[in-house]
Protein chains: 2
Amino acid sequence: MKPLENDLFLKACRREPTERTPIWLMRQAGRYLPSYQTLRQRYDFLTLCRTPELAAEITLQPVEQLDVDAAILFSDILVVPEAMGLTVRIEDGLGPQIEHPVRTAADVARLVIPDPHEKLGYVLEAIRATLERLRGRVPLIGFAGAPWTLLAYMVEGSGTGDFRRARVFVREAPDVARALLEKIVHAVARFLRAQIEAGVHAVQLFDTWAGLLDPDSLTEFALAGVRRVIRELKAAGRDDVPILLFSRGTAAWMETLAETGADVLSLDWTCDLARARRQVGDRVALQGNLDPIALLASPDIVAREARRVLARFGPGSGHIFNLGHGVLPETPVENVRRLVDTVKRESPKYHVEDRAGTDL
Amino acid sequence: MKPLENDLFLKACRREPTERTPIWLMRQAGRYLPSYQTLRQRYDFLTLCRTPELAAEITLQPVEQLDVDAAILFSDILVVPEAMGLTVRIEDGLGPQIEHPVRTAADVARLVIPDPHEKLGYVLEAIRATLERLRGRVPLIGFAGAPWTLLAYMVEGSGTGDFRRARVFVREAPDVARALLEKIVHAVARFLRAQIEAGVHAVQLFDTWAGLLDPDSLTEFALAGVRRVIRELKAAGRDDVPILLFSRGTAAWMETLAETGADVLSLDWTCDLARARRQVGDRVALQGNLDPIALLASPDIVAREARRVLARFGPGSGHIFNLGHGVLPETPVENVRRLVDTVKRESPKYHVEDRAGTDL
């Protein structure tokens, strides 16, 4: 593979000096982009995920239209539960629905730990198609749902907001829940390993629903699940591929998150980036954390808030600019452009010492 | 007024020794109780709030049926926006709706800072009716929405979950938002002061939506709003009435919350009670924080989780047992009974030194 033209993102993941702060956005490929909407009118969501050429096309859109510093594969976290044997439907306005949610030991026993090449080949194909079209312009990020977040969907059957059934389940059937977590951990680790073999330059785990948990359940399910996936991945000997962890609603657990083995913590918008930086020290890089709601305001406010996030992290390396959650469908593309421009224009001043260091 | 028969709750608020941990539950008066449902079939929600005898009746129900250590007035946080001049409708299944939400400086100018005796007399009447029927058995807690949470509803117009309009508003019209916050602060402080004059033994501020905010907005709107209400209240010279603060989704801000002037911090279920205790030291008492979802599991699990919460706080005074959020409507009454019994039975062992201290 030819070397990357723009490797700012990967350098920042490794906390190496860069001349400016790299930026990409969670859900940068998606509904707010007119070019995505055009495709979406012709194909349903799952067809877009399952057709490598279309997934690659969508993955490329923000790179070409917004000039972000990384691409993230267009896919969905529920491809793993589906590959494990569940039937997932995604209906407009309703969100994902799982036909027979997991409730019993027998349900767990029926689930398989899929060979990704067999059951998730379309994702690996999409990675290869994307890499071909990217031609080394920017790195490609692969991803998976974190074990607890997948478990929550698999038990709940849909995104209910509070996932109360899943939260009762881990209390009433802890052994079944642990067996389920175990299978998910292996499924996710194998899937991410296959993504790395297919050529992604980094992988991100999304623990979107970690913040719903009480401390005991968080420790036993969310944190342990993430830690075990990362251990399996690192054991596979690809330490050169950064692992990013987005854990939402867990601002109070920064030190613990920094010890999961992740190379980068992706912070939601409620986190204080300056405090997080003090807390994690030089253990991990930080990604984030502009409130996605700010992108619904005027472009000048977007620019002001972007500057605030940069200032809050302050001088030095190890920051990847991103949102604190995904881009909202209602976001004006103009605002996203303004955000990317602002970060590119304003961030070099926070890297003066980085550049000096590089020159020496 | 005759002295209270049971003042465990007030002693715990002041971090004084008690022979066991007191317990009451947010939304202990409400939909999960069949006796409430019976009344609710005859009257709509706002009629129940506005009719002192009915509000007193509902407030007493959990005291009489569950033997909790404090009563909390049956009312709603939106009585303040209504008294300020907005029209609030509460429709079944839809939640509260505000007819003309606040959007402009002119909207703010039209709002009044109500004289509680004039505009909220029915709440003060309900307090007096409740106190009469309580006959000093347990303390009565009054309450109000915290300024940010009220502002969020007043701007959003309804409980949308993410309150995105309110979060855009504080960015696009910060001066208007500050003027609105100012009026709400005064309205809430006067209202709570009137509740104290009417005889409540403690007051709780509910900042249910603080956890949606980025650090800058949290500091400027949620934390500053709470701090100013508490300052106004304390300036009124009733330091003997404890002020409790429930701030949801802000586990990472424990030290800051402990410095708002509140006497008690009420923690949501995601907080680690042991860590919070270390963080706040002897500045405030702590209330909480069982996951309300645990009450949907079996009674034995309820008992186990209640014991865990007690153990997490550990020995000593300054803990009021509560949930991390309100009782869910689907909660079996049997489970609430089991919870109260468990806390009463299991907590004395954490107060051995308290008792020793009292005996000396």
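## The contact between the chains

In this predicted model, the contact draws 23 residues from chain B and 23 residues from chain A. Three elements of chain B give two or more residues each to the side that touches chain A: helix 10 (164–172), helix 12 (215–235) and helix 15 (299–313). Of these, helix 10 of chain B gives the most, with 5 residues.

Sorted by class, the side of chain B that touches chain A has 11 nonpolar, 9 charged and 3 polar residues.

## How the two copies are related

What rotation superposes chain B on chain A? The rotation is 180°, with 0.0 Å of shift along its axis, and the RMSD is 0.0 Å. This is the relation of a two-fold axis. Within chain B, the C-alpha nearest the axis belongs to Ala252(B), and it lies 2.1 Å from the axis.

The interface residues can also be compared between the copies. For chain B, 100% of the interface residues are also interface residues in chain A, so the copies meet through the same surface.

Helix 11 of chain B passes helix 12 of chain B in a right-handed crossing.

Which residues meet where helix 11 and helix 12 of chain B pack? From helix 11 of chain B come Leu181(B), Val185(B), Val188(B), Ala189(B), Leu192(B) and Arg193(B). They meet Phe221(B), Gly225(B), Arg228(B), Val229(B), Glu232(B) and Leu233(B) in helix 12 of chain B. By class, this contact has 8 nonpolar, 3 charged and 1 polar residues.

## A loop residue in chain A

Leu25(A) sits in the loop between helix 1 (8–13) and helix 2 (34–42) of chain A. Is Leu25(A) buried or exposed? A residue counts as buried if 20 or more other C-beta atoms lie within 10 Å of its own. Leu25(A) has 25 other C-beta atoms within 10 Å, so Leu25(A) is buried.

Leaving aside neighbours within four places in sequence, Leu25(A) is in contact with Val68(A), Asn322(A), Leu323(A), Val327(A) and Val336(A). One of these, Asn322(A), is 297 residues from Leu25(A) in sequence, yet their C-alpha atoms are 5.0 Å apart in space.

Conventions: Residues numbered from 1 in each chain as written. Chains lettered and ligands numbered in written order. Predicted model: local features only at pLDDT ≥ 70, side-chain atom pairs only at ≥ 80, totals over all residues. Contact = placed C-beta atoms within 7 Å. Helix = DSSP H or I, 4+ residues; strand = E, 2+ residues; numbered from the N terminus. Nonpolar A, V, L, I, M, F, W, Y, C, P; charged D, E, K, R; others polar. Least-squares fit on C-alpha atoms with pLDDT ≥ 70 in both. Left-handed = near helix turned anticlockwise from the far one by under 90°. Buried ≥ 20, exposed ≤ 12 C-beta atoms within 10 Å, placed from the backbone.
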